[in-house]
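Work through the exercises below with the sequence and the 3D structure at hand. Try each task before reading its solution.

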Amino acid sequence: MPDQVLFAMEVTLNGLMAGVLYSLVALGFVLIFKASGIFNYAQGVMALFAAATLVGIMDGQVPFSHLINAIFGTDLHHFGWHVPALLAIVLTVGVMIVLAWLVQKLVMRHLVNQEPIILFMATIGLAYFLEGLSDLMWGSSIKTLDVGLPQGINDTIDRVTFDAFGYGFFIDNLDIVAAIIAALLVIALMAFNQYTKEGRALRAVADDHQAALSVGISLNFIWVLVWSLAGFVALVAGMMWGAKSGVQFSLSLIALKALPVLMLGGFTSIPGAIVGGLIIGVGEKLFEFLIGPMVGGATENWFAYVLALLFLVFRPQGLFGEKIIERV
Amino acid sequence: MIYREAGDFSTTYQQDSQTFPIRFDRYRYYAILAVAFLLVPFFINDYWANAILLPFLIYAIAAIGLNILVGYCGQVSLGTGGFMAVGAYACYKLMTSFPDVNIFFHVILAGFVTAGVGVIFGLPSLRIKGFYLAVATLAAQFFLVWMFNKFGWFYNYSASGQINAPERSVFGIVVTGPNTHAWATYLFCLVFCVGAALIARNLTRGTMGRTWMAIRDMDIAAEIIGVNPLKAKMTAFAVSSFFVGVAGALFFSVYLGAVEVTEAFGIQKSFIVLFMIIIGGMGSIFGSFAGAAFIVLLPVFLKNVLVGGFGWATDVAAHLELMILGGLIITFLILEPHGLAAFWKTIKEKLRLWPFPH
């Protein structure tokens with residue numbers, strides 16, 4: 001096979017892997033949007049916050065140490081212990097649930113029945129708040145996250161493809177793990193939605209708030225539940241991205257990457273988030289590979305948006321979104 | 001007692017349809033203009049101009065522009081930063097290509113260029129609505145910033161990739177470049193700001209503004225009563241982008257002087273201007289000013305209190321600042337979702353009845 005085709009195949013595979021990571025973030029958006037109609041811009045910052053908390057707990061950092069030092073003139077930084085990864089993950093899930101409860105209690109409860117744009121702005125406010133909180137709690141330095149995920153080139157794929165085509169494909173182990181975890185997560189979420197009592201209640205709320213209320217489903221509980229679920233998804237996404245490129249501010253920008261994925265797949269569809277993520281991942285990698293060199297590169301910054309924009313012009317509700325019916 | 005219509009008789013149609021029907025409002029408006037034009041220039045110094053007044057005036061223009069699109073026409077846009085960049089780069093190219101033309105006209109022309117770009121990126125709004133449109137405008141934001149970064153023609157192939165404002169003057173008074181005086185830059189921006197407010201105010205209460213509001217309230221119904229959605233949405237995008245472009249041109253040429261596009265006109269800028277109109281009040285010119293003032297003053301105030309007052313490290317203060325800003329935005333939305341303008345309206349209603357509320 002000619003080299004170009006092989007390169008393109010490798011790029012496509014890597015794009016698929018990157019797409020899975022986009023899907024992970026998009027999933028969190030879809031969960032909250034379906035259940036409460038809130039477009040949660042803070043999802044990316046939640047991933048950052050979760051990852052920073054995980055690192056902080058594992059390293060035994062003292063939360064708010066900078067602030068405490070500034071006020072009391074002390075010199076705190078670490079407790080001096082190390083928490084095993086699994087326990088730290090469980091603790092972080094706990095933190096995310098508390099966060100979900102606080103968000104519901106202090107913010108979203110008071111904004112029921114407001115216009116969607118107001119709710120959207122509130123989540124942007126939340127994003128700023130969480131960003132500040134994360135930096136204040138755990139410091140703003142770039143942290144490395146190591147929860148024992150395999151990293152580096154996958155030798156098996158490299159060897160097999162080298163034997164077959166005379167050219168070894170470079171695929172990161174971490175991406176493969178991420179893809180597997182994302183698949184498991186989606187299956188778990190689907191099963192949860194389909195087979196548990198809470199999942200059924202969640203779908204009922206997504207369908208019609210008032211009808212759900214009238215058959216005795218607690219909206220408050222459901223909203224805390226979806227925010228917790230979104231927090232959990234954010235933690236998984238934060239772990240994957242954090243292991244890949246370090247826990248730092250740019251992690252929160254993956255929310256922006258997830259937006260075109262959502263538009264392409266439709267805001268209300270979980271399969272849509274997955275398929276959209278894959279399309280965007282492959283599309284932007286291939287575009288950068290084929291067209292990028294002609295226009296000076298770095299097309300990844302905007303390609304996803306322009307693709308989504310052009311796509312929406314022809315199909316305004318996205319791939320799997322509910323058909324938009326407009327009545328006067 | 002003085003704030004009411006009673007005794008204020010209109011004898012001509014012109015008087016009947018003026019912007020401020022209440023006499024006290026009118027005088028207050030003249031007084032503010034007089035202070036801004038005649039008093040402030042004599043007391044202004046560099047700190048006040050650069051930290052507060054210039055950003056306030058420029059952001060107010062941008063907020064008026066975005067308010068026309070979001071508040072009056074209901075088309076949510078997250079591309080403000082990109083459009084400001086168009087204004088800045090258009091102004092730069094004009095300034096360097098035609099050095100003899102007065103900068104005043106360059107800024108206006110930069111506005112027109114931005115209006116054209118805005119119309120192109122506004123075209124999808126005919127098909128895409130709501131959040132989908134908001135995300136679609138991000139395409140404009142990222143694409144435009146990328147374009148100004150990648151193609152050397154836009155920054156005249158300068159080695160650093162930055163654009164620097166050359167020295168230009170109006171009536172012999174330097175307004176751009178390193179040798180400016182605070183009062184000159186302030187007055188230059190003030191003229192544009194007042195002009196923008198006047199134009200926007202009068203557009204929004206005329207036919208054009210009414211068609212925008214009809215589209216905002218319900219686009220299908222508006223279409224049925226004979227509003228042309230193509231025309232209404234495109235004019236909204238054009239007028240809005242014009243103001244945003246003017247703001248971008250001033251931001252670059254008068255305020256910053258040197259600009260690196262990803263830093264100055266990134267996605268953060270889009271959000272900041274959107275915050276201004278949400279906090280100030282959507283669909284209100286006064287709200288644009290109030291929101292701009294709030295967002296410009298808050299960081300300055302917090303910095304003075306936290307760093308200056310408590311003597312904390314700047315990084316801790318910066319993090320706290322983010323938290324407080326986020327918290328305040330949420331608090332505002334909960335207490336008064338329609339912004340400072342709605343708050344102001346309530347005060348005025350109360351004032352009209354005072355001191356005999358029954």
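Predicted model: local features only at pLDDT ≥ 70, side-chain atom pairs only at ≥ 80, totals over all residues.

**Exercise 1.** Determine how helix α7 (residues 173–195) of chain A is oriented against helix α10 (residues 219–245) of chain A, and describe their contact.

Solution. Start with the axes: those of α7(A) and α10(A) come within 10 Å and cross at roughly 175°. Angles over 145 degrees count as roughly antiparallel, so α7(A) is roughly antiparallel to α10(A). Next, list the residues that meet. From α7(A) come A:Leu174, A:Ala178, A:Ile181 and A:Leu185; from α10(A) come A:Val233, A:Val236, A:Met240, A:Ala243 and A:Lys244. Last, sort the residues of this contact by type: eight are nonpolar, none is polar and one is charged.

**Exercise 2.** Describe the side of chain A that touches chain B.

Solution. Begin with the totals: 41 residues of chain A are in contact with 36 residues of chain B. On the chain A side, α3 (65–72), α5 (116–138), α11 (254–265) and α14 (300–314) each supply at least two residues. The most come from α5(A), with 14 residues. By type, this side of chain A divides into 30 nonpolar, eight polar and three charged residues.

Conventions: Residues numbered from 1 in each chain as written. Chains lettered and ligands numbered in written order. Axes fitted to C-alpha atoms, helices over the stretch in contact; angles between N-to-C directions. Helix = DSSP H or I, 4+ residues; strand = E, 2+ residues; numbered from the N terminus. Parallel < 35°, antiparallel > 145°, perpendicular 65-115°, else oblique. Contact = placed C-beta atoms within 7 Å. Nonpolar A, V, L, I, M, F, W, Y, C, P; charged D, E, K, R; others polar.
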